[in-house]
Amino acid sequence: MTTAMREIAATLGVSPDAAQLLQFTNNAVFALPRSGIVIRIARTHQLLDRVTKVVRLGRWFTQIDAPTIRLAPDVEQPIRIGDHVASVWSYVQPQRPAPTVRDLGLVLREFHALDVAATALPAWDPVGDARRRLADAEGLDPNDREFLVKWCDRLEPQLVALSHREEPKLVHGDAHVGNLLREASGRTVMCDFDATCIGPWQVDLAAVAVGEARFGGTGLHHGLASAYGYDVTSDQSWAVLREARELKMIAAAVPLIHKSPSVAGEFSGRLLSVRRNDPKARWRPFASISPQPAAEQLSANRHTRNDVSRERS
């Protein structure tokens, strides 16, 4: 990823010196503060469609002055380097105070109010995402696979009914405080639009509520609900929204269980709590689990704060 970043910097005519690795999950995200850009590299060419979608969204966000980060100006995007594809964004220097759940609630209200008529985005489909992960899973116990497939089969018609019942809105898809930045002007903006889609707006509020229920902590959900003006746990579809979020949080680990015993153990514990219908069982963020394989531990050590924040939310 570092080699790819350096090649992209060279094509842009900027120096990769002092580059900072901000995130290393599905994307390798490098900040080049001296050049005022952030390079976001998809780790597989299979994500080309997603990167293309994100670039298209970035152009639209600029046109309507959305509360989001901006694509780097005068850069032809996406950029392809070998098997990798990347997008390039304007760097936002971190400002104090750091964004909070109150900021998240206020930004989401503005984000959900954007007119989606001009966009061509995929529909919210957490079951489809889970099925794709299951199709590529290695080392998944057959009984666990069967349970997850049946869970998808049962949940899917409920989610379809929910989507038909609600007016389609712009959904960020990964709404948590870790995906907020504060500009020098004081304005709070969102980043990371890989999961952005069209669907029920309540989806973006459910993430924090479920995170607090599963990982502990107090006040996050209340703060978000107060700022946004709506308590998603009182929604008639709350049970379905919670299931959809928990399915995503469990299925996300499927591609990793054959690589990390620690992730596999947490995956089994999460799945067991769902099998037992135990909504009070506490989970652990994957990034905080140890021991881990050396490469995974190195990545976790460098990025635990962001990863834990994301999953807790």
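A charge is said to sit over a ring when NZ of Lys or CZ of Arg is within 6 Å of the ring centre and within 35 degrees of the ring normal. The views below are taken from a predicted model.

**View 1. Arginine side chains placed over aromatic rings.** The charged end of Arg-109 sits over the ring of Tyr-228, at 5.8 Å from the ring centre. A second case involves Arg-275, whose charged end lies over the ring of Phe-147, 4.6 Å from its centre.

**View 2. The stacked pair of Trp-201 and Tyr-228.** Tyr-228 is buried, with a relative accessible area of 9%, and Trp-201 is buried as well, at 18%. Because the ring centres of Trp-201 and Tyr-228 are 5.8 Å apart and their planes lie at 10 degrees, the pair counts as stacked. Trp-201 belongs to the loop between β9 and α6 (203-215) and Tyr-228 to helix α7 (residues 220-228), so the pair ties together parts that are 27 residues apart in sequence.

**View 3. Strand β5 and its two neighbours.** Strand β5 covers residues 84-90 and is mostly covered, with five of its seven residues buried. Strand β3 (residues 37-42) runs antiparallel to β5 and is joined to it by six bridges. Strand β4 (residues 79-81) is also antiparallel to β5, with three bridges between them. Ala-86 in β5 stands opposite Ile-41 and also opposite Ile-79. Two residues separate the strands in the hairpin of β4 and β5, where Gly-82 takes a positive phi near 60 degrees.

**View 4. Aromatic contacts of Trp-89.** Seven aromatic pairs are found in the whole structure. One of them joins Trp-89 and Phe-193 in a tilted arrangement, 6.2 Å centre to centre with 50 degrees between the planes. Since Trp-89 lies in strand β5 and Phe-193 in the loop between β8 and β9 (197-199), this pair ties together parts 104 residues apart in sequence. Trp-89 counts as buried at 2% relative accessibility, and Phe-193 counts as buried at 1%.

View 5. Side chains of opposite charge can pair when their charged atoms come close. A search of the whole structure finds 18 salt bridges. Among them, Arg-187 and Asp-65 meet at 3.2 Å, N to O. Arg-187 is partly exposed at 26% relative accessible area, and Asp-65 is partly exposed at 46%. Another salt bridge joins Arg-154 to Glu-243, with the closest N and O atoms 2.7 Å apart. Arg-154 lies in helix α5 (residues 142-165) and Glu-243 in helix α8 (residues 238-251), 89 residues apart. Arg-154 is partly exposed at 42% relative accessibility, whereas Glu-243 is buried at 19%.

View 6. The side chains of Glu-266 and Arg-270 form a salt bridge of 2.9 Å, N to O. Because they are four residues apart in helix α9 (residues 261-275), about one helical turn separates Glu-266 and Arg-270. Glu-266 is buried, with a relative accessible area of 7%, and Arg-270 is buried at 0%. Elsewhere, Arg-40, Arg-50, Asp-192 and Asp-194 are linked in a network of salt bridges.

How values were computed
Residues are numbered from 1 along each chain as its sequence is written. This is a predicted model: local features need pLDDT of at least 70, side-chain atom pairs count only at pLDDT 80 or more; totals for chains, interfaces and linings use all residues. Side-chain values use heavy atoms; hydrogens and water are left out. Buried means under 20% relative accessible area, exposed over 50%, partly exposed in between (1.4 Å probe, protein chains only). Two strands pair if DSSP finds at least two bridges between them. A salt bridge is a side-chain nitrogen of Lys or Arg within 4 Å of a carboxyl oxygen of Asp or Glu. Rings of Phe, Tyr and Trp (its six-membered ring) pair if their centres lie within 6.5 Å; planes under 30 degrees apart count as stacked, over 60 as edge-to-face and the rest as tilted.
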